[in-house]
Each structure stands twice: as C-alpha cells, then as structure tokens.
Amino acid sequence: MKTQLIVHPQELDKTIIDGIANGGADVIGIHPVGGRHALSALEEMLAWLETDEAKSLIDYAKKLGLGIEYEVHAGSFLAPRELFAAHPEYFRMEKGVRTSENNFCPSSDEMLAIVAENAKKLAKKLYGSSDNYYFWLDDVTANGGCECDKCAFFSPSDQQMKVTNIVARALKDINPNAKVAYLSYRETLTPPKNIKPDDNVFLEYAPIERDRSVFVGDDGKIAADLRALWEVFPRESTKILEYWYDNSLFSDWKKPPKKFIPDNAAIEREMRFYKSLGAPYISSFACYLGEDYRARCGLPDFSALKNFVKNERE
C-alpha cells in the first residue's frame with residue numbers, strides 16, 4: 001500500500017516535508033493551483049523548479065525516502081491558447097462555435113501532435129519526478145468536452161481518454177517507464193466506453209463532489225463508480241485521490257486558511273475502506289497547511305495517516 005500527501009509548491013518547506021515523512025507517507029505530490037489560474041500557477045511552478053531553493057527541498061525530501069510526483073491541470077499548457085487566432089479548428093466547439101475556453105478539440109490531429117510535444121517538454125521540466133505523470137486537462141466543473149461533428153460521438157471521458165493515451169505514448173519517447181494518470185473527476189467520473197486505455201495508463205479517482213458528511217463506505221455511488229471504472233482500468237494500479245487533509249477545500253479556496261481539525265477516526269476508517277476494495281495507492285490533498293497556516297494554527301495533524309500506515313506495516 002502506497003500513500004501520498006499533496007501540497008502547493010509555495011507551501012513546500014522542510015517543516016511540511018518532515019511532517020509528511022513523519023506521518024508515514026511514501027510520496028509528496030506537488031500541485032499548482034487549478035481553476036482559472038491553473039496555467040499561470042503551473043508556469044510559476046516551472047520557474048520555481050529551476051531555482052536552487054526548489055531543487056534543494058526536493059533533494060531533501062528524496063533523502064528522507066519520499067518519492068516526488070507532480071499533479072497539474074495542464075490543458076492550457078499542452079494546447080497554448082494563442083494558437084486560437086490562427087487555428088480555431090484546433091479548439092473545442094460549444095453550441096456550434098469554436099472557443100479557446102477550456103481544453104481543445106481531441107479530434108484535431110494537428111493539435112494532438114502539439115499536445116504530445118508539449119507533454120514531453122513539460123515532463124522534462126519536472127525536477128526529481130517519479131515515473132508517474134499527472135497531466136490533467138483544464139479544471140472545469142462542466143463543458144470541458146468538444147461538440148464538433150467528429151467529437152460528438154464521444155463522451156467527455158472518451159475525449160479525455162484519447163488525450164491521455166496520446167500523452168502516454170509521447171512520454172514513452174523520453175522515459176520508457178512513464179505511466180500516465182487518467183483523472184476520473186467531475187465530468188469524467190463515468191468510464192470511457194469507446195476508447196480503451198493504453199498499457200501505461202492508470203486510473204486516478206478523485207471524488208471531489210461527494211458528500212463528506214457520509215462515510216465513504218455508506219455512499220453506494222463511490223463503490224459503484226469504482227466497480228464501473230475497474231471494468232476499463234486495472235484495479236491493481238488504481239490511485240485514490242481524496243480530500244481528507246485539503247484545507248484549501250475546507251477554507252473555500254480563500255486565504256487566510258481556516259483552522260483545520262481532522263476527524264482522525266473517520267479518515268482512518270475511510271482509508272481502510274479504500275484498501276478493502278483493493279486500491280493499492282491512497283492519497284489526499286494537504287493544501288493550505290504551509291507556513292502561513294502554521295504561524296496561526298500550529299502544525300497540521302497527520303496522525304490518522306500515521307496510524308493507518310503503522311497498522312499496515314505491523
């Protein structure tokens with residue numbers, strides 16, 4: 001069983017690295033913010049990764065035995081918006097009109113070639129990364145898919161699957177061990193039906209909109225989602241991406257962050273539930289717990305993760 005906590009790059013320092021390591025996690029995830037600021041946040045992270053400070057922190061984490069993974073909403077990086085003026089056909093159609101807003105047209109071979117090359121460029125910039133790559137599409141709640149004649153037959157999940165496969169093939173050119181996540185999230189919670197994953201694609205299931213007042217094992221939709229997804233994706237490589245420690249979510253993505261008091265019993269119970277289903281990799285966002293948070297509220301409490309990992313190893 002592998003475990004991970006995910007932080008914003010600007011929150012990465014030795015204190016949070018030590019806290020994650022002491023909490024028993026195997027991997028630190030680095031995630032620039034999503035939403036409408038995703039592209040600028042990704043570009044800022046890439047600039048930061050070129051600094052000695054960033055490299056030193058990542059090296060420090062790796063010396064503690066932590067793996068490094070980068071989880072980014074990369075749609076607008078892979079498909080640059082400035083191409084729209086000359087090539088609107090590269091971009092998705094909504095209600096009969098091409099738009100540069102949200103993602104691109106996955107039936108455009110020209111755009112897919114650009115996406116493949118930019119995926120390789122992005123992967124090369126991710127200092128210290130593991131072989132797992134997370135190049136998610138744009139962070140939208142709806143209307144992320146293309147409605148052109150060529151795409152109309154395909155669901156948002158099929159469209160994302162096509163793009164994920166293209167990225168997975170491209171990254172094999174620079175890393176034969178590359179594995180790429182298909183993000184099951186919002187519009188893509190239902191599995192693709194018409195396009196199958198390549199052999200180096202794995203499932204990442206992120207139920208952001210689930211009712212968190214209900215134990216995940218009592219929410220029949222979660223188990224049903226995963227059963228359906230496991231008809232398409234291998235269970236043995238699945239990653240669960242949860243929000244147990246995501247203080248950005250609990251703070252409504254506004255600063256200053258609220259004081260975060262985890263429900264340790266519930267978190268540990270839900271971790272055990274996902275394990276009981278056979279998921280081999282469990283993770284959670286742990287954002288808005290950086291220096292600004294600690295100055296006001298103290299160190300974050302990762303004891304539920306620590307207890308879960310301890311029980312796993314006994």
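**Cavities, pockets and a helix pair**

Reply: The count comes to 3 cavities of 30 Å³ or more. On a 1 Å grid over the protein atoms alone, a cavity is a set of points where a 1.4 Å probe fits but cannot get out, and lining residues have an atom within 4 Å of a point. Grid points are joined across faces, edges and corners, and a volume is the space filled by probe spheres set on the points. This is a predicted model, where local features need pLDDT of at least 70, side-chain atom pairs count only at pLDDT 80 or more, and totals for chains, interfaces and linings use all residues. Residues are numbered from 1 along each chain as its sequence is written, and side-chain values use heavy atoms, with hydrogens and water left out.

Me: How much space lies in the largest cavity?
Reply: About 240 Å³. Its lining has 20 residues, with Asn103, Leu137, Asp138, Gln160 and Thr188 nearest the centre.

Me: Which element gives the largest share of that lining?
Reply: α6, with 4 residues. Helices (H or I, at least four residues) and strands (E, at least two) are DSSP runs, numbered from the N terminus.

Me: And what lines the second largest cavity?
Reply: Phe135, Trp136, Leu137, Gln160, Val163, Thr164, Val167, Val180, Ala181, Tyr182 and Leu183. The second largest cavity holds about 60 Å³ of space. β6 (132-136), α6 and β7 (179-184) each supply at least two residues of its lining.

Me: Switching to pockets, what is the volume of the largest one?
Reply: About 580 Å³. A pocket is an open set with protein on both sides within 12 Å along at least five of seven lines. The largest pocket is lined by 27 residues, and Val33, Gly34, Gly35, Asp139 and Trp253 lie nearest its centre.

Me: Now the helix pair, at what angle do α5 and α6 pack?
Reply: Helix α5 (residues 109-124) and helix α6 (residues 156-172) pack at about 55°, their axes 9 Å apart. Axes are lines fitted to C-alpha atoms, for helices over the stretch in contact, and angles run from 0 to 180 degrees between N-to-C directions. The two helices are therefore oblique to each other; angles under 35 degrees count as roughly parallel, over 145 as roughly antiparallel, 65 to 115 as roughly perpendicular and the rest as oblique.

Me: Which residues make the contact?
Reply: From α5, Leu112, Val115, Ala116, Ala119, Lys120 and Ala123, and from α6, Lys162, Val163, Ile166, Val167, Ala170 and Leu171. Contact means heavy atoms within 4.5 Å.
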